[in-house]
Amino acid sequence: MCTALIELTLWIAIFASSTSTSIGGFTREYYLAYVLWVAFIGRISSSWMYEFRMIEEVESGSINGLLVRPMSFFEYYLSQLMGYKFVTSIFSLMIPLAVIYWMDLPTDFSKVPIALALVVYYLIMVHCLSFIVSTFAFSLTRVHSFTVAKNLALWLLSGELIPLDLIPEPFKSVLLKLPFCNAVYMPVAYMTGRIPRDVFMQGFLSTTLGILFFGAIGWWLWRRGLTKYVGTGA
Amino acid sequence: MSLVIETKDLSRVFVSYEKPEGLLESLRGFWDRKHIEKTALAPTTLQIESGQIIGLVGANGAGKTTLLKLLSGLIHPSSGTASVLGFQPWERKSAFLKRISILLGQKNQLWWDLAPNDSFALLAEIYDLDRKTALMRVQELAELLECKHVLQTQLRRLSLGERMKMEIIGSLLHSPEILFLDEPTIGLDIVAQTSIRKFLGEYVREKGPTVILTSHYMDDIAKLADRLLLISKGQFVYDGTVQGFVAKTESLQKITFSLIEPLPENLQLMDGLELSATQQEFSVEVSSKDLAPILGKITRLPGIHNLKFEEADFEDIIHRFLEKESRVLSPGGHH
C-alpha cells in the first residue's frame, strides 16, 4: 500500500511539473488508475510465501511425508496457492474498486473479470517458477536468495514499476512478447484502456507457452533432484 | 507365500563434499571441490515374503533407514534393482504408494497445525477412501490405541506419545500391504512404548501386512519380528530368525558385583577384560566357557558383595555381535 501511495504521489508530481497534459498519449488519470490497479494485481500475481514453504520442505526433509503418498508436490502447493490467492483477492479487490469508483478514474469494469482470469491463469506459470526454484534446494542450500532475485526480475519485467508502453523500442516489443507482462501490465492496461482486446488476448497465448516452457524445465529439474535426494533428516 | 520385496545388488552411495573453513575456501568450493563418497548401503540382495515381519537392526548409520527409504521410493539407488509389490519403488507410481506406508519415527508426517481428524479426512481424500469407511477405521484404530480423546486436538498440542499414535493411525488408514516402520517407539517412555508395541503386535496378527521394522529397542524386535536382519556398515551380517540368532551366537553370561574398597591397581581378568582401579561397581560379559575361571578370580577379590550372574539378554547379544562385526568390516578388516 505504501508503494502505491508513493507511486501515486510521484505521478501527481510528474504531471504537476510537466507542461503537457499527457505522457505517452495518456492523461494523469490513466496513470493514477494504473498505479492503483498495479498495487492490487501485483500482490496477487506474485508468490513468496508458498515458494519459501516449498524450499523449506525440500531443505528440511519434511517433503518425505508428501513423497511417500500418492500425491503431487506440484499440485499440492498449487492448490494451496490458488486457495490463498482466491480468499485474499476477494477481500483486497474491494480497495481498488472503491478508490477508483470514488476518484472516478478510467476503468472499464466489464473488463475486470477477464483481466482477473488472465492473472489467475498466470499464477500457474508463477507456480511453475516457484517449483523450479524449490528444486534447486535438492542440491543447494539457502536457495531463498533465488526467490528474491527472481521476484525482483519479475517486478521489472511485469510492468509493475512503470507501464511497459513507456519503455523505448525494441525493448517494449520484446517485453510484450514475453509472458511476464501478463502478471501486471496486460490485465491493468486492458482494464484501464491502454491496450485493445486483441493485444490483451495474446496474453493467454504467451502465458500458455510460459506454463509449458517453465513446466517442462520444472519437471526435468524435479526428476533430476529426486535422483540426488537423500531423504534428509530421517 | 509370494515374494513381495525383491532386491538385487541394491546399493546407495551418498556423495557430499568437504567444506573447509572461511569465505575464500567457500568460494573456491564453486570450482574446486573435494567430494566424499559414503556407502550407506552396499550391494544388497534380499527377498521378503508376504506377511513376514522383518526386524532390521543395526547401529546408527549402518544403513537401515537408507534401505527403508529405497524400498519405499523416497530415494533412488546408486546401483541395482528392486521390486516391491511388482513396482520399481522410486518411480513412485500412485498404484504403488497406495499399497505401502512408511512411518518415520523422527519425522512428523501429519499436518502440524491441523487436528488429527482433519488430517485423516485429508488422507482419506488423498488415498481415494470412502469418507465413512475411513472415519470408522480411525475410530477403530484410535480405540485400540486408546487415544480417541485427542483426535480433535491440534497435532502440535499433543505429547510425543500421542503424536506417534496419530502418525500410526495415519499410516494404517489405507490398510497398506507393506508397512515400513522406522523407529516407531523412539523417544517414547516405557508406557507408550509398551502400548504401541502391543498395538502393532495385535495389528499385524490380525491384518497380516508385511512389515519391516527398525528399532533401537530390542524388545520391539524380539516381540514382533519373525525374521531378523542385522546390518553393519551397509552390509547384512545376519539373516535368520531371532531364536536362530540367539542359538548361533556364543552364549554370554553377565556378571555384576561391587567392591567395598576400590582396587589398589587395575586387574586383568583375561585378555581384553580388565577391572579398573577407579571403579567399585562392575558389570562384565563373558562367554560361558570362560565363566568358571573368571568367577574364581572375582570371588577371591577382597570386600566383594552383591555378586550376581545371569544370561545376557537379547539386546546385549546384538550389541556385542554388531560391535564385533563393525570391527571386522572396518578398513583393514576382512569379512
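At what angle do the axes of helix α2 (residues 28-44) and helix α5 (residues 73-103) of chain A cross? In this predicted model, the two axes cross at roughly 175 degrees and come within 10 Å. Angles over 145 degrees count as roughly antiparallel, so α2(A) and α5(A) are roughly antiparallel to each other. On the α2(A) side, the residues that meet α5(A) are A:A33, A:L36, A:W37, A:A39, A:F40, A:R43 and A:I44. Their partners in α5(A) are A:K85, A:S89, A:S92, A:L93, A:I95, A:P96, A:V99 and A:I100.

As for overall dimensions, the C-alpha trace of chain A spans about 65 × 40 × 30 Å along its principal axes. A compact globule of 234 residues would have a radius of gyration near 17 Å, and the 19 Å of chain A therefore agrees with that expectation.

Chain B is split into two domains. Domain 1 takes in residues 3-14 plus 40-247, while domain 2 covers 251-329. Between the C-alpha centres of these two domains of chain B there are 37 Å.

Where the chains touch, 19 residues of chain B are in contact with 16 residues of chain A. On the chain B side, the elements that put in two or more residues are α2 (64-72), α3 (94-97) and β5 (100-104). Of these, α2(B) gives the most, with three residues. By class, the side of chain B that touches chain A has eight nonpolar, six polar and five charged residues.

On to confidence. The model as a whole scores ipTM 0.76 and pTM 0.80. Chain B has a mean pLDDT of 85, with 94% of its residues at 70 or more. Among the elements of chain B, strand β4 (residues 79-84) has the highest mean pLDDT, at 95, whereas helix α11 (residues 314-329) has the lowest, at 68. Over residues 331-335 of chain B, pLDDT stays under 50; for this stretch the model has five contacts beyond four places in sequence.

Key:
Residues are numbered from 1 along each chain as its sequence is written. Chains are lettered from A and ligands numbered from 1 in the order in which they are written. This is a predicted model: local features need pLDDT of at least 70, side-chain atom pairs count only at pLDDT 80 or more; totals for chains, interfaces and linings use all residues. Domain bounds come from an automatic or database domain assignment. pLDDT is the predictor's confidence in each residue, from 0 to 100. Helices (H or I, at least four residues) and strands (E, at least two) are DSSP runs, numbered from the N terminus. Two residues are in contact if their C-beta atoms, placed from the backbone, lie within 7 Å. Axes are lines fitted to C-alpha atoms, for helices over the stretch in contact, and angles run from 0 to 180 degrees between N-to-C directions. Angles under 35 degrees count as roughly parallel, over 145 as roughly antiparallel, 65 to 115 as roughly perpendicular and the rest as oblique. Ala, Val, Leu, Ile, Met, Phe, Trp, Tyr, Cys and Pro count as nonpolar, Asp, Glu, Lys and Arg as charged, and the others, Gly among them, as polar. The radius of gyration is taken over C-alpha atoms; the globule rule is 2.2 Å times the number of residues to the power 0.38.
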